[in-house]
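Please look over the model below. A short briefing follows it.

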Amino acid sequence: MQISTPEAAPLERHIHVTIPASEVESGVTQRLRNKARSAHFPGFRPGKAPLAIVERHYGSDALMETFDQLINERYSQAVREQSLRPVGRPEVQVEKGGRGEDFVFTAVVEVYPEFEPQIPTATVIRKSAVVTESDVDATIDIMRQQRRFYVKTERAAQNEDRVTVDFQGLMDGEPMPGGDVVDYQVVLGAGRLLPDIEQGLIGLSAGEEKSVSVQFPADYHVAELAGKNAEFHLQVKEVAEAQLPELNAEFALALGIEDGDVAVLRQEVKENLEREAQRLSHAQVKSQLLDLLVESNQPDLPKQMLARELEQLQKDPNASAAGDLENISRRRVVLGLVLSEVVRREKLQASPAEVTQVIRDMAEQYEDPDQFVAWYRSKPEQLEQAEAMVLEDKVVAWLLERVKVTEESVNFNQLIGRSPATPAA
């Protein structure tokens, strides 16, 4: 057995093996004898046919089976003796083999790179925010906006009103297919209608009509309408203005506060915002660390890993909007290798309790958390994903003990990206 590494492919191992003809013959003979014990041939009792007859029927099968066994044995031996860490299955090329001659083959396999993970030297910024009463007010205002209702009004329509309208579309003087709509409700400014139609509705009151000219965008989702001109006749049936629910006991009860106590509602909102602030702070630190980890480490990358990652990205309909898929797949492979190497060297482990906690954290957003946990645990690949999440967080914690971290105080809006990130007073 000889093992070599091509200069142009430092992660490839070429395992060249020569097996004496006598060992091949011994394996073939043993298999033929095993087959002879149960083989049925006309004129012979089961297991009593001469070996020569068995060989005529099963000689080729016995030879192929022997080759398979010898390849597996020698390959496994090479992996053990050389402490190889294969990325995937080997590619085997048989160079010589037959009855009465030596069996020669080469197995080519990619291995994981051997490298020492480099700890980033750049400073990580950890932003933290104190949740204030104004943050609570803003969040409750958003909750009220989400529960807004509409009340009919006699005034003319304006932005953010809900308008009920009939419209008929004409193109070149002929009715458009699907262009007639009755009792269509639209909130002006929401962008559900073409801008020309929305602008045409602003200023109209219930009972008023208007015709507007429209040009469909060149990239309109209906190809036969893209770039075309049309005319729409609008008939407003109702204008309704948005109103927000009062911040009172009824509102608190609707949000699950048992006694309708608004103070309890505010406290729950504040605690939720504080948890979100901590989660976001940790997520931002983690994102910085992982980016720096990729910049600081450039190990040799196995071609099989790159190909698999790129294939998965190409299958993802959302990935095309993310940019250069080859660079994205390369980054993911680098990050995966570095994280795995830290886990291996530091002997980090994910306990069953930690994996369970990760799954339960994910389950909190579902109506039936226990059902989600049972479903998640039923799929081995999902359990592996949860374990990987635990290990990733452990690597982040390990790194945070070794990098420089600068603390920065910001307000809550800045933490979540609603305003420029300038230090809070």
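This is a predicted model: local features need pLDDT of at least 70, side-chain atom pairs count only at pLDDT 80 or more; totals for chains, interfaces and linings use all residues.

Residues are numbered from 1 along each chain as its sequence is written, and side-chain values use heavy atoms, with hydrogens and water left out.

- Four strands form an open sheet in the order 1-2-4-3, with antiparallel pairing. Strand 1 (2–4) and strand 3 (91–98) are the edge strands, and each pairs on one side only.
- Neighbouring strands of this sheet are turned by 10 degrees against each other on average, direction ignored.
- Helix 2 (residues 51–82) packs on the sheet and touches strand 1, strand 2, strand 3 and strand 4 (101–110). The direction of helix 2 makes about 50 degrees with that of strand 4. Axes are lines fitted to C-alpha atoms, for helices over the stretch in contact, and angles run from 0 to 180 degrees between N-to-C directions.
- Helices (H or I, at least four residues) and strands (E, at least two) are DSSP runs, numbered from the N terminus. Two strands pair if DSSP finds at least two bridges between them.
- Strand 1 is joined to strand 2 (residues 12–19) by three bridges, and the two run antiparallel. Ser-4 has His-14 in strand 2 as its bridge partner.
- Six bridges pair strand 3 with strand 4 in the antiparallel sense. Glu-91 stands opposite Val-108 in strand 4.
- Strand 3 and strand 4 form a hairpin with two residues between them. In the turn, Gly-100 has a positive phi of about 85 degrees.

**Pairing around strand 11**

- Strand 11 (residues 229–243) runs antiparallel to strand 6 (residues 149–153), joined by five bridges. Thr-153 stands opposite Val-239 in strand 11.
- Strand 7 (residues 162–171) is joined to strand 11 by nine bridges, again antiparallel. Asp-166 has Gln-235 in strand 11 as its bridge partner.
- Strand 10 pairs with strand 11 in the antiparallel sense over seven bridges. The bridge partner of Ser-211 in strand 11 is His-233.

**The second largest pocket**

- The second largest pocket has a volume of about 300 Å³. A pocket is found on a 1 Å grid over the protein atoms alone, as an open set of points where a 1.4 Å probe fits, with protein on both sides within 12 Å along at least five of seven lines. A volume is the space filled by probe spheres set on the points, which are joined across faces, edges and corners.
- The lining divides into 13 nonpolar residues, two polar and one charged. Ala, Val, Leu, Ile, Met, Phe, Trp, Tyr, Cys and Pro count as nonpolar, Asp, Glu, Lys and Arg as charged, and the others, Gly among them, as polar.

- Arg-74 is found in helix 2. Arg-74 is buried, with a relative accessible area of 15%. Buried means under 20%, exposed over 50%, and partly exposed in between (1.4 Å probe, protein chains only).
- Not counting residues up to four places away in sequence, Arg-74 touches Met-1, Val-17, Ile-19, Glu-23 and Phe-105. Contact means heavy atoms within 4.5 Å.
- Ser-213 lies in strand 10 (residues 209–215). Ser-213 counts as exposed, at 59% relative accessibility.
- Tyr-366 sits in the loop between helix 9 (352–363) and helix 10 (369–377). Tyr-366 is partly exposed, at 41%.

Methods
On a 1 Å grid over the protein atoms alone, a cavity is a set of points where a 1.4 Å probe fits but cannot get out, and a pocket is an open set with protein on both sides within 12 Å along at least five of seven lines; lining residues have an atom within 4 Å of a point.
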